[in-house]
Amino acid sequence: MTTATGEPLADRLADQLRLAGADEVRFAANLDELSDLVTTATVPVLITGTDLVAHTAVLRHLATSPVGPTVALVLGDPPVPGRTAVREERGQVVDAGALDALDGAATGVFGGALRVGVDDLPTLAAAARAATSGMLPVAAPIGPAGDVAPLPVTGGAGGSVAAGGPGSAVDRLFAGLAALGTLIFAQRVRLLVAHRVEDQAGLTAAEAAVTAVDEDRAELRLSVKEKDDFFSTYFVSTWSPYVVRLSARLRLTPTGVTVISVLFALGAAVLFGVGGRPALVGGAVLLYLGFVLDCVDGQLARYTRHFSAWGGWLDTMADRAKEYLVYAGLGFGVSHAGLGNGWALAIAAMTLQTVRHMTDTWYGVLHDEAARRPRTATNASGGIGDRLNAASTRVQADTGSVSYWLKRTVVFPIGERWALIALTVALFNPLVSLIAVLVWGVLAFAYTGALRTLRARWMWVPVLDTVDATLHRDDGPLARWLPVVRPMGPLTLAVIAALGPAVLLVWALPSDAPDGLRWAVPVALLVLLVGGLGAGAAHNGPLDWLVPAALRAAEYLFAIAVGVVGAAPGWLIFGYVFVLTVHHYDLTARLEKRQAAPPLHAATLGWEGRSVLLALAAIAGIAGIGLATLGAYLLVVFVVSVVLAWFVRPARSARASVAPAGAGGAAPR
């Protein structure tokens with residue numbers, strides 16, 4: 001087919017792929033040739049069909065998508081014969097094939113383009129060979145294969161398959177890749193235009209649709225999340241795109257904006273601690289502006305397509321550090337103003353929020369794992385879990401309704417937390433702010449916990465069977481040496497582990513002489529170590545996704561109890577628990593980014609090892625020194641681990657990859 005400018009559509013696609021970041025564009029005559037080309041590729045490959053008409057930005061977004069290594073373009077166009085239909089859940093392609101094979105569950109159609117990560121390239125080559133031989137499911141009766149073109153792209157993205165018509169090569173390839181179990185994420189087209197065309201009339205209409213859209217303006221609007229929380233949607237995203245455009249013109253990076261937002265939050269925390277109406281109002285304003293910048297860094301990354309694993313990790317860690325610094329400022333402000341024990345409230349708020357986040361992370365992993373598995377006869381339908389799942393889906397689909405916003409607001413997301421803090425501290429004082437955060441946080445935790453428990457029992461997915469449970473439990477050597485008690489299950493053991501420290505803490509808080517309870521610390525420690533008896537057991541129960549959060553709660557409660565019994569100052573207890581949360585957020589951030597354990601993870605001693613050391617310090621009457629020393633040690637280990645993981649090791653790998661063969665370095669591959 002010929003475009004309006006007179007050039008073949010395939011040639012224009014090749015030019016667009018280069019503009020999207022491709023180093024090289026190559027055409028293959030058939031899937032066998034594609035298989036040969038892919039076998040030699042050492043970077044991600046983008047595959048496209050020659051029937052695709054789209055904005056260049058669509059291809060650039062696909063090539064740079066940060067959601068996962070392998071991503072497919074999915075369109076909302078009506079399914080037509082010969083096109084592969086797609087069913088997606090939570091952004092993942094969970095089924096692909098002919099429309100009738102999906103039994104009416106299709107949510108879109110394959111857009112004729114996909115990016116395949118390096119680790120999935122062998123599967124791609126196998127899918128190409130199998131699709132050629134007709135051994136895999138296809139979207140329609142197989143017709144002649146079109147031209148196919150893989151394309152390596154700088155920085156890890158890209159490739160292209162040229163094929164059009166019923167049963168085209170790109171459709172068969174995609175269906176084969178999905179059939180082989182590859183984890184494929186869906187890239188939807190929003191505001192921009194992408195269509196697969198079958199004739200000259202369709203090409204003309206698609207080109208007209210592309211021309212009618214201002215690409216840069218659409219990209220700026222696309223930088224804003226499609227579904228965000230209420231406060232972010234109506235009080236931030238209405239004007240943050242202007243800040244995004246200004247930041248891009250000033251050549252600020254997303255990481256630079258993240259650093260500025262941390263400074264704003266730090267300034268707000270200082271003003272909250274100073275107290276006085278002008279300082280509290282000024283701190284509230286800084287907090288709001290800091291949250292705006294917190295949104296802008298992600299929007300700027302999406303607008304400029306500057307994504308990196310380091311940037312994503314830093315953004316996650318900075319979000320939590322900013323929030324907990326604000327809690328520290330509020331806690332100091334309460335104590336400084338003589339309004340009560342502010343540090344106790346700040347510690348409670350930080351502990352509650354961290355445990356909530358741990359459940360959020362693991363429930364998300366549970367949902368993703370459930371989406372990739374077919375429904376079994378026991379959970380396919382019926383029961384309260386099924387009804388809750390259906391109700392949640394209906395509410396999420398009713399975008400903008402009262403029920404939709406209530407559901408998104410009641411869970412107390414970060415925008416609402418920061419808005420509540422800013423309003424209450426400006427209108428009242430830090431004490432009211434911390435109490436409000438705790439009350440809403442507890443109610444949100446109870447609401448989400450109850451509903452998720454019911455839905456998880458319906459899904460019945462052994463999510464911890466798919467990851468390194470020991471790593472994400474944060475077990476140390478002592479937990480691995482303990483005998484395994486299988487009948488009780490790891491969740492029951494983890495909950496029991498949290499009860500001992502909780503009882504000790506409740507006992508010590510109202511005591512006039514908590515130091516007299518030092519004898520109870522070893523007892524609480526023994527109860528805590530019960531959680532280690534489940535380390536070697538299978539984590540395949542329907543609620544075992546709660547195990548990491550339960551162990552976090554157990555360790556935090558024990559550390560707080562030791563500090564209270566040892567009469568350690570509130571700020572020191574807060575600081576120690578803060579360091580623990582940083583370590584645990586590092587683990588969850590790596591889980592979400594599908595990364596390996598931190599380089600020095602073994603040196604963190606595990607939750608039980610750290611607790612044993614604190615217990616010894618408490619028994620010896622030096623709980624404060626123990627908290628300070630162990631906290632400083634863990635902070636140093638964390639910083640060194642970050643430097644090794646994000647700077648030293650990548651630099652070594654880069655030097656090794658360019659070292660000439662025979663010169664003492666690794667040969668180029």
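This is a predicted model: local features need pLDDT of at least 70, side-chain atom pairs count only at pLDDT 80 or more; totals for chains, interfaces and linings use all residues.

Colleague: How do the axes of α16 and α17 cross?
Modeller: Helix α16 (residues 414-427) and helix α17 (residues 430-459) have axes that come within 8 Å and cross at roughly 150 degrees. The axes are lines fitted to C-alpha atoms, for helices over the stretch in contact, with angles from 0 to 180 degrees between N-to-C directions. Helices here (H or I, at least four residues) and strands (E, at least two) are DSSP runs, numbered from the N terminus.

Colleague: Parallel or antiparallel, then?
Modeller: α16 and α17 are roughly antiparallel to each other. For the cut-offs, under 35 degrees is roughly parallel, over 145 roughly antiparallel, 65 to 115 roughly perpendicular, and the rest oblique.

Colleague: And is that crossing left-handed or right-handed?
Modeller: α16 passes α17 in a right-handed crossing. A crossing is right-handed if the near helix is turned clockwise from the far one by less than a right angle, and left-handed if anticlockwise.

Colleague: Fine. At what angle do α9 and α11 pack?
Modeller: About 60 degrees, with the axes of α9 and helix α11 (residues 277-304) 9 Å apart. That makes α9 oblique to α11. α9 passes α11 in a right-handed crossing.

Colleague: Switching to charges: how many salt bridges are there?
Modeller: The count is 24, taking a salt bridge as a side-chain nitrogen of Lys or Arg within 4 Å of a carboxyl oxygen of Asp or Glu.

Colleague: Which residue does Asp216 pair with?
Modeller: Asp216 pairs with Arg245, and their closest N and O atoms are 3.2 Å apart. Asp216 sits in helix α7 (residues 215-222) and Arg245 in helix α9 (residues 240-249), so the bridge ties together parts 29 residues apart in sequence.

Colleague: Which side chain does Arg408 meet in a salt bridge?
Modeller: That of Asp229, at 3.3 Å from N to O. Arg408 is in helix α15 (residues 402-410) and Asp229 in the loop between α7 and α8 (230-235), so the pair ties together parts that are 179 residues apart in sequence. Arg408 and Asp229 are buried.

Colleague: And Asp474, what is its partner?
Modeller: Arg610, with the closest N and O atoms 2.6 Å apart. Asp474 lies in the loop between α18 (469-473) and α19 (477-481) and Arg610 in helix α24 (residues 606-619), so this pair ties together parts that are 136 residues apart in sequence. Both are buried.

Colleague: Which residues do shared partners join into one network?
Modeller: Asp51, Arg83, Asp171, Arg196 and Glu198.

Colleague: Last topic, the surface. Which residues make the nonpolar patch?
Modeller: Val259, Leu263, Leu266, Val270 and Val274 make a patch of about 430 Å². Val274 is in helix α10 (residues 254-274) and counts as partly exposed at 49% relative accessibility.

Note on methods: Residues are numbered from 1 along each chain as its sequence is written. Side-chain values use heavy atoms; hydrogens and water are left out. Patches are made of residues with over 30% relative accessible area and no salt bridge: like charges are joined within 9 Å, nonpolar side chains (Val, Leu, Ile, Met, Phe, Trp, Tyr) within 5 Å. Accessible areas come from the Shrake-Rupley method with a 1.4 Å probe; for residues, only the protein chains shown count as cover. Buried means under 20% relative accessible area, exposed over 50%, partly exposed in between (1.4 Å probe, protein chains only).
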